[in-house]
Structure formats: structure tokens, C-alpha cells
There are 2 protein chains.
Amino acid sequence: MKNKAGVEIPDELLTKYGYKSFDGAELGHPESQRIAPKVRVSADQSKIVDSIEELVKNNVKNGMTISFHHHLREGDKIFNKVMQIIIDLGIKDLTLAPSSLTNVMNDMVVKAIKAGTVSHITSSGMRGSLGDAVSHGILKDPVIFRSHGGRARAIETGKIKIDVAFLGVPNSDEMGNANGMIGDAVFGSLGYALMDARYADKVVLLTDNIVDYPNTPASINQTQVDYVIKVDQVGDPEKIGSGATRFTKDPKELKIAQIINEVITHSPYFKEGFSFQTGSGGAALAVTRYLRQSMLDHGIKASFALGGITKSTTDLLAEGLVKKVMDVQDFDKGAADSMHGNQDQQEIDASWYADPYNKGAMVAKLDVCILSALQVDTNFNVNVLSGSDGVIRGAIGGHQDAATAKLTIISAPLTRGRLATIVPKMTSITTPGESIDVVATEYGIAINPARKDLIDALGKIPGIPVYTIEELQEKAEKIVGQADSIEYSDRPVALVEYRDGTLIDVINQVKE
Amino acid sequence: MKNKAGVEIPDELLTKYGYKSFDGAELGHPESQRIAPKVRVSADQSKIVDSIEELVKNNVKNGMTISFHHHLREGDKIFNKVMQIIIDLGIKDLTLAPSSLTNVMNDMVVKAIKAGTVSHITSSGMRGSLGDAVSHGILKDPVIFRSHGGRARAIETGKIKIDVAFLGVPNSDEMGNANGMIGDAVFGSLGYALMDARYADKVVLLTDNIVDYPNTPASINQTQVDYVIKVDQVGDPEKIGSGATRFTKDPKELKIAQIINEVITHSPYFKEGFSFQTGSGGAALAVTRYLRQSMLDHGIKASFALGGITKSTTDLLAEGLVKKVMDVQDFDKGAADSMHGNQDQQEIDASWYADPYNKGAMVAKLDVCILSALQVDTNFNVNVLSGSDGVIRGAIGGHQDAATAKLTIISAPLTRGRLATIVPKMTSITTPGESIDVVATEYGIAINPARKDLIDALGKIPGIPVYTIEELQEKAEKIVGQADSIEYSDRPVALVEYRDGTLIDVINQVKE
């Protein structure tokens with residue numbers, strides 16, 4: 001039987017891995033029992049330990065679940081250091097449960113898998129050598145991909161039970177009071193890591209900056225921390241940014257950004273107090289710049305900007321065009337630097353940001369959201385996890401979560417090189433089409449037919465043709481032709497959870 | 001068998017109420033499993049409900065545990081309002097588990113007990129008509145008194161399982177993002193209430209000030225809140241203060257304050273970066289003023305001030321004499337007003353403040369602490385719960401918690417009116433003598449003989465006689481004579497927990 005995203009998932013797979021199949025984006029009001037950590041009581045005067053080796057030896061056992069955060073992205077200097085020590089100590093069969101895996105970690109994870117150190121992974125995504133190895137079957141059991149909100153849910157409900165969390169921070173005192181806002185490795189919001197700090201049985205902070213006790217503001221506080229370790233360098237904040245911190249000059253990206261801005265400003269949501277999430281990357285920055293001008297032109301201010309935050313967004317805060325920045329993650333050093341002392345740039349944890357299984361996440365109040373896509377199909381489903389060759393090379397991030405916004409716009413060039421973005425059948429489904437309202441390409445837009453109100457509002461914007469999604473798909477196919485079909489084995493290498501913990505898709509091993 | 005505080009507690013009582021007997025203040029490193037709430041999932045756009053009656057009807061059932069905070073102290077306008085509605089609805093057999101009970105709540109609690117609405121109470125303390133009624137046996141089962149840290153522990157470990165928490169806040173948005181720092185009912189830190197917000201199954205915010213979404217800073221956030229209710233008035237912050245916000249002119253209090261200041265400055269703890277907790281009341285304010293001068297004279301700055309905070313302490317912060325104020329509760333509007341926007345006045349929850357069963361509370365790092373006493377015995381044990389007539393008229397507050405400081409000084413006039421403060425046998429024991437280092441009276445000090453180091457350091461302060469605690473007791477007895485012995489029945493009306501959850505004393509019903 002097909003799930004609500006149109007994917008056939010075999011019953012025996014659901015049974016084997018303990019899943020229900022995706023049954024729609026609506027949640028209702030189920031009751032959910034939270035879990036809580038085991039706490040080792042301490043009235044010690046300091047938690048500083050000298051040796052990561054000793055700490056790992058005493059606390060990490062075969063079969064445990066360990067975690068890291070990815071706030072420093074490509075500038076992270078913690079993951080590889082700790083993982084190498086764990087490998088060297090011969091520890092086996094760990095589940096790796098980071099908030100996500102960035103490129104700088106790829107080779108080390110592959111090494112850890114080959115050494116038998118890591119046997120299970122749950123992550124927001126993966127790329128490069130790791131995505132390639134997983135797609136070709138390096139792991140016995142499939143990886144579980146979860147959105148940022150989905151990970152928060154899984155941690156809070158016990159689906160992920162972290163034994164030891166290794167969290168890099170740019171400052172900490174001797175007891176573990178720490179924040180992400182000050183120091184050489186400043187990365188701003190600790191949003192994802194706050195979940196690990198609260199729910200892991202053992203919490204280890206690694207910092208290059210031991211400060212006087214008591215350290216404030218304390219995003220992570222001493223009641224959550226077992227050990228503090230001094231390291232030479234936590235990370236390089238200059239490498240947090242994706243590189244795309246400058247206004248794009250790509251005419252295709254500019255065109256899409258202009259169209260998205262028109263869609264937003266013609267929508268019923270563009271009014272005083274609206275809220276938005278734009279994300280990162282050159283096109284998102286361009287949208288933010290156009291949107292800024294529209295807000296000035298119309299005398300409209302936003303109540304909040306949400307999600308992964310860039311300097312372009314904190315600049316809107318400084319300018320007074322955005323009243324609050326609700327910040328789960330900073331995408332560049334500029335946004336990170338702006339957080340300290342700024343009560344309107346509120347640090348939020350992943351649960352508050354996006355956990356569908358709490359008493360209300362920020363995403364549920366989000367008006368406008370712009371998201372990217374590797375592929376879009378003619379049911380408006382979106383894939384951000386696997387390439388057109390079926391190989392894993394992406395991350396869910398907050399995609400499924402933020403897509404629940406009242407107006408979700410997918411920013412997608414019709415084609416990339418010789419590949420169509422809008423396709424009859426994607427290599428995997430990440431976010432269900434029922435969450436997607438508009439697909440914006442450089443040729444024009446497609447509006448989800450379920451949103452008749454939007455067809456009325458957005459159907460006649462001067463200069464922006466409206467197509468059916470099928471028309472856009474055909475247009476793409478005319479340009480680049482049909483893609484070769486991919487040969488998969490029937491062995492699953494990755495399970496794609498929807499944010500509520502149901503199974504939305506399964507990614508199978510690709511054949512060479 | 002006597003417990004470590006010298007109290008004989010019958011085995012059958014320990015068994016009946018599930019207690020171990022107090023076995024000393026040292027905790028070691030036990031492992032403790034935390035509990036977690038049940039969460040009703042919601043993606044609703046607003047949590048505002050109109051009627052407290054409807055909300056109570058739908059959420060409060062016979063036999064449940066409900067809670068309130070006491071941050072507004074004598075200015076609270078929430079407790080009586082909600083409790084009257086619960087009584088009127090005929091709900092029975094509730095356990096009342098507030099952070100504490102202030103005088104303004106006394107009569108309503110008595111009424112609720114008489115109506116059968118409240119059958120069990122756990123609190124930090126009680127006074128007036130309620131203390132009197134409980135001491136005379138109005139409740140079938142004994143009240144459980146817990147320190148602020150002990151309540152945090154009990155909540156975190158499931159000994160207190162709050163079904164519905166009713167929390168007054170001076171501001172909230174429609175989703176439950178709230179703080180204590182802004183609004184007509186400003187009271188500053190939400191320290192005690194943060195425990196209820198995190199652990200109660202249902203959390204209700206009551207506010208007179210619905211603000212724009214999203215509200216920041218959010219001490220309580222929307223992931224914790226089920227309902228928001230608008231009320232006319234949350235409270236009167238002018239009545240938070242105990243009245244004693246002016247420098248005392250009582251010569252006895254001034255004398256004790258001067259002596260305490262000398263004890264501190266002659267102790268080995270008075271050095272750059274020391275930490276202290278002074279508490280509230282006229283004598284505490286006087287100590288703070290003398291200590292300020294000593295810090296200026298010696299060029300010494302404190303790393304932090306802890307606990308319940310007064311304006312005299314936030315003034316030290318503003319002056320730079322204290323680097324951080326770690327603030328679980330504000331004792332006057334001045335301290336409350338100073339919190340907003342001040343990152344050096346860190347809001348801390350009751351667990352971080354004092355829970356002995358976490359990974360480290362602030363009190364474990366505390367150098368100097370000044371505490372009051374209703375009675376002190378010749379083993380340095382302290383009573384802050386029951387009067388010399390055996391009637392309950394006090395509160396543990398943070399007494400047991402902060403007494404674990406490296407230098408704990410009890411501020412105690414030798415006599416009060418016709419009553420001795422230092423007595424051979426107290427009416428109940430709150431804090432064990434092993435935690436108490438110095439008792440300071442207007443006549444001089446007594447040093448706990450276990451602290452030989454302090455006898456060396458404090459034994460020869462010019463003008464401050466050192467007595468044994470027995471000598472002070474005899475001196476008091478010479479002045480006011482022996483107290484009449486009290487007649488108790490053998491029925492327990494209150495159990496006094498030590499902060500770790502062992503039983504330190506039992507208070508029995510007084511005979512008329």
C-alpha cells in the first residue's frame with residue numbers, strides 16, 4: 001500500500017524497523033510521554049578533566065549512542081579529534097547521532113565505519129565520500145534521516161537515547177556554564193546542541209576558552225554538564241558560512257529571487273507582523289534583499305524571522321524591519337556575533353524551533369518560508385537528500401519542518417546543467433507535496449492546485465507566468481531530455497523519517 | 001535509632017511515608033533517574049482561553065497535584081483567585097505543591113482544606129492561620145516541608161508529580177512565551193516557577209499583559225505551556241519586599257551585622273573572587289552595606305552573589321563590586337527591575353540554584369552564606385520552621401541548601417522578647433549543625449568545634465568575644481529563663497525533609 005506521499009513501503013520493512021508509514025502532515029493533539037536522562041549527582045568544585053582519552057575510556061562503551069553538533073559546519077575541529085580517539089581506543093558498534101554531518105567529517109565517519117567503531121547513523125544528512133559509501137552499502141543497517149525538528153522529537157521521546165554528547169563550545173567555566181556567543185570559535189545559537197545537553201546521560205563540553213565562574217549568559221548550564229575539557233581549537237567560525245555570503249550575480253538566481261519576492265508580496269501573508277524563514281545561500285540572500293526593499297516600500301515590518309540565520313537577517317533586525325530573530329543556528333559569523341547582548345535575537349532550541357511533538361513549535365506560526373530542492377516531482381513532493389544518480393548528497397535540515405508554513409515556496413532552477421530539477425519521479429522524497437504551496441523557477445511559478453486561494457492571489461502577477469507543475473516538468477524535459485533510470489538493489493541504505501516519526505521514504509543501495 | 005541530626009524517628013513512620021532517615025549532609029555521586037512530563041501535542045495558533053472555570057473543569061480532577069509559585073510573595077493575586085474557583089467547582093482531595101505559601105494565601109488554604117479541596121500539602125513553609133491550623137491537626141496526613149533545592153529534586157525525580165501548574169507572569173504572548181522582567185506585576189527571576197513549567201503535565205500561564213508574538217526573552221517558552229489566560233491583575237510588586245528594604249536602625253541588628261562582616265573579612269574566604277549569599281531582611285541589608293565598605297577598603301571583588309536578591313545586591317553589581325548576580329528570586333521590585341537586559345544578572349532555576357541531585361548546583365560553589373534562625377541548639381542545629389510554642393510559622397526556603405556553603409554564618413539575636421534563640425532543645429530541626437560554621441549574636445560568636453581552622457582564623461578578632469555554643473545558650477537562659485516545655489500529641493503534622501529527600505525531623509501536633 002502506498003503512503004500519503006505516494007511511496008510504496010513494504011510492510012516487512014515497516015515491521016522490521018518499527019515504523020508506521022507517512023500518513024499526512026497533520027498532527028492533531030496526541031499525547032506524548034517525554035523521557036529524561038540519568039544524572040550522576042555531583043557537588044564537585046570543578047569538572048575539568050585533562051585527557052579526552054581517559055574520558056572516552058571511562059564513559060564510552062561498545063554499543064552506545066554518541067552525539068555531536070554541527071554548528072561550526074565546515075569549521076568544526078571537534079568531531080574528527082574525538083572520533084579518532086574513539087577509533088584508536090578500539091570501541092565498537094556505536095550509533096552516531098549528530099545534529100548533522102558536514103563535509104569536514106565525511107572521511108572520518110567512513111574510517112569509523114570501516115573500523116567497526118560506528119555501525120549505525122542517524123543524521124539530518126550526509127554528503128561526499130560518506131554519502132557515497134552509505135549509498136553503496138557500507139552500513140549493515142540503514143541510516144535514519146531526521147529533520148532538525150524530527151531529531152528533537154526523537155530525543156525527547158526516547159527514539160534517540162544519547163549516552164554521551166561531545167559538544168564544542170567557544171567558552172565554558174569549570175562547571176560547564178557555556179554559550180556560543182563569545183570566543184574564538186563563536187557560532188552564536190547553540191540551538192541543536194541544547195537538545196543533547198538536556199537529554200544525554202553524559203554531557204562533555206570541549207572548549208578552547210575556560211572562563212571565570214560563573215559564566216553568563218549560560219545557554220548550557222552546569223546542571224547539564226558532566227565534564228569540561230580544554231582543547232587547542234574548537235573551530236574556525238570563518239568556515240561556518242557556506243561561502244555564499246555575497247549577493248549572487250547569477251542571472252538565473254536573481255530572476256528566481258525576484259519572482260519569489262513578488263510571490264510573497266502578492267500573497268495574503270505580506271502584511272504588518274508577518275513572519276518568514278529564508279534559509280542560506282546566494283538566492284536566499286537575494287530574496288532577503290528584495291524583500292527588504294518591498295518592506296520599506298510598503299511600510300511593513302515582520303514580527304519575526306526564523307531558522308538558520310544569516311547576517312542579512314540580523315541586519316534587518318538592526319534596521320528595525322524585523323522585530324525578533326528566533327535563532328536556532330547561525331549561518332555566518334556576522335549573525336553569530338550579533339547575538340551576544342541582543343535580547344531580540346532569541347536563541348531557541350531545536351524543539352522550540354520545529355519539534356512537531358511538543359506544545360507548539362515556532363514553525364507552526366510561520367507565514368512564509370523559502371526552501372531549496374534537489375528535485376521536485378509533479379505532486380509537489382520535494383527531494384533534498386539524494387542526487388539524480390540516487391546517491392545521498394544532502395540534508396533534510398529544517399525542510400520538512402519549515403515547509404509547514406502557511407506559504408511555502410520552493411526555489412528551484414528548472415534545470416541544473418544537464419539535469420532537470422522538476423521531474424516525473426524523484427530519487428527520493430523528503431518533504432510531502434501537501435506542504436508545498438508554490439514552486440518558483442526562472443521561467444515562472446507553479447501553484448499547488450490544493451491552494452485555490454493562492455491561485456487567485458498569485459495567478460495574475462505581471463511578468464510572472466503561472467504553469468501547472470506538469471507543464472514545468474515537460475519544459476525541463478524538453479531542455480535536458482529524460483534522465484537515465486537508476487538501477488537500485490532492493491537493499492535499503494537509508495530510511496527517511498517524516499518529522500513526526502513516520503516513514504516517508506526508503507533509499508535503496510545504488511548499483512555501480 | 002537517632003538520625004545524624006540526633007532526632008529519633010520511629011521506623012514505622014519511615015516505612016509508612018517511604019523515607020530514609022537523615023544520614024549526613026554529604027551526597028557523594030549517586031545516579032538518579034529523572035522523570036519527564038506527558039505532553040499534549042499542539043500546533044494551534046493560540047493558547048489563549050477565556051475562562052479559568054472552564055479550564056479548571058477540563059483539566060483539574062479529584063486527587064491531582066496542582067502548583068503555584070510564590071515569586072510575588074505578599075503581592076500575589078493569582079493563588080486566591082484560582083483556588084476559590086477550584087473550591088467552588090467542588091473538586092476534592094488535591095495535593096497542593098507550591099514553591100512556598102505566603103501569608104496572603106493562608107486563609108484560602110485553610111478554606112480549601114475545610115472544603116475537602118486540598119488534602120495534602122508540600123511547601124517550603126507556612127505561617128499564620130494556616131501554620132496554626134496544620135499544627136493543630138487540620139490535615140489527615142502530614143505536610144511535607146522541602147527546601148527550594150529539595151523541591152527541585154523532588155520534581156526532577158518524580159517525588160512531586162505536578163498535574164497542573166498555575167503560574168502568574170507579568171507578560172506572555174498568545175503561545176506562552178513569558179518572562180518575569182517586564183509589566184505591571186514584574187517580579188524578576190522566575191527561578192522556582194521554571195521547575196513547574198518544565199515538569200508539570202499541564203502548564204497554565206495567567207497574565208495581565210498579553211504581548212506581541214514572539215515574546216523575548218522567554219524564560220518560560222511555548223514548548224512548555226498549554227494555556228494562557230488573561231486576568232485583571234497578576235500581583236502587586238510593591239508587596240514583594242518583606243518591608244525591610246531600609247537600613248535597620250535596631251542597635252542589636254546593627255551589632256550582629258557588624259560582627260558578621262568582621263567574621264567574613266577575617267575568614268580565609270574573603271579574597272578576590274569570593275562568593276556570597278546574604279538573604280533578605282534588615283540585618284542582611286546591613287551586612288551587605290558593611291561588606292560593601294570592606295570590599296572597597298580591601299580592593300576585593302566578588303565573583304557572584306547568589307540566591308534571593310535585593311536591590312542592595314544589584315547595586316553592588318552596578319557598582320562592579322560583584323561580577324555576577326545568580327538570581328533565583330527577587331526580594332524587592334528594585335532587584336526585579338534590574339534584571340531586564342542585564343546579562344550579568346543571570347536568571348537561574350531552583351535546580352541550578354540548589355538541587356542536590358543534579359550535576360552541580362550553585363550552592364556547592366558558595367563561599368559565604370548568612371542565614372537566619374528561629375532557634376539554634378547546642379549542636380548548631382537550626383530551626384526556621386516552628387516557633388517556641390511548637391506552632392509552624394516559617395519556611396525552609398534555601399536554608400538547608402545554602403548552609404552547605406564553605407562558611408555558613410547564622411545571624412541570631414541571643415533573645416527575642418522573652419524567648420531565647422539559642423536553646424538546649426528546639427521545637428524542630430530544619431538544618432543540621434554539621435552545615436553551620438558560626439553563630440553570630442549581639443554578644444559574640446560561637447564557632448562549630450568541627451571547624452578548627454575557623455577557630456584559628458576567627459578566634460582573636462578585636463572586640464568580638466568567642467563563646468562555646470553552650471555558653472551562649474546559658475547566657476540566653478540567664479536573661480529569659482527556661483522556656484515552658486510544650487505538650488505534643490504523638491500525631492505527626494509535618495515531615496521535614498532534608499534537601500536530599502531523607503527525613504531530618506517530624507513535627508507533631510501541639511495540644512491546645
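## Ground rules

Since this is a prediction, local features need pLDDT of at least 70 and side-chain atom pairs count only at pLDDT 80 or more, while totals for chains, interfaces and linings use all residues. Residues are numbered from 1 along each chain as its sequence is written, chains are lettered from A and ligands numbered from 1 in the order written, and side-chain values use heavy atoms, with hydrogens and water left out.

## The contact area

Chain A puts 59 residues into the contact and chain B puts in 58 (contact means heavy atoms within 4.5 Å). Together they bury about 5,300 Å², with carbon and sulfur atoms giving 53%; buried area is the accessible area (1.4 Å probe) that two parts lose on being put together, summed over both. Of chain A's share, 17% comes from A:Val41, A:Lys359 and A:Lys365, more than from any other three residues.

## Strand to strand

Strands here are DSSP runs (E, at least two residues), numbered from the N terminus. β2(A) pairs with β1 of chain B, residues 31–33, in the antiparallel sense over three bridges; pairing takes at least two DSSP bridges between two strands. Within that pairing, A:Arg40 sits opposite B:Glu31 of β1(B).

Definitions and conventions
Helix = DSSP H or I, 4+ residues; strand = E, 2+ residues; numbered from the N terminus.
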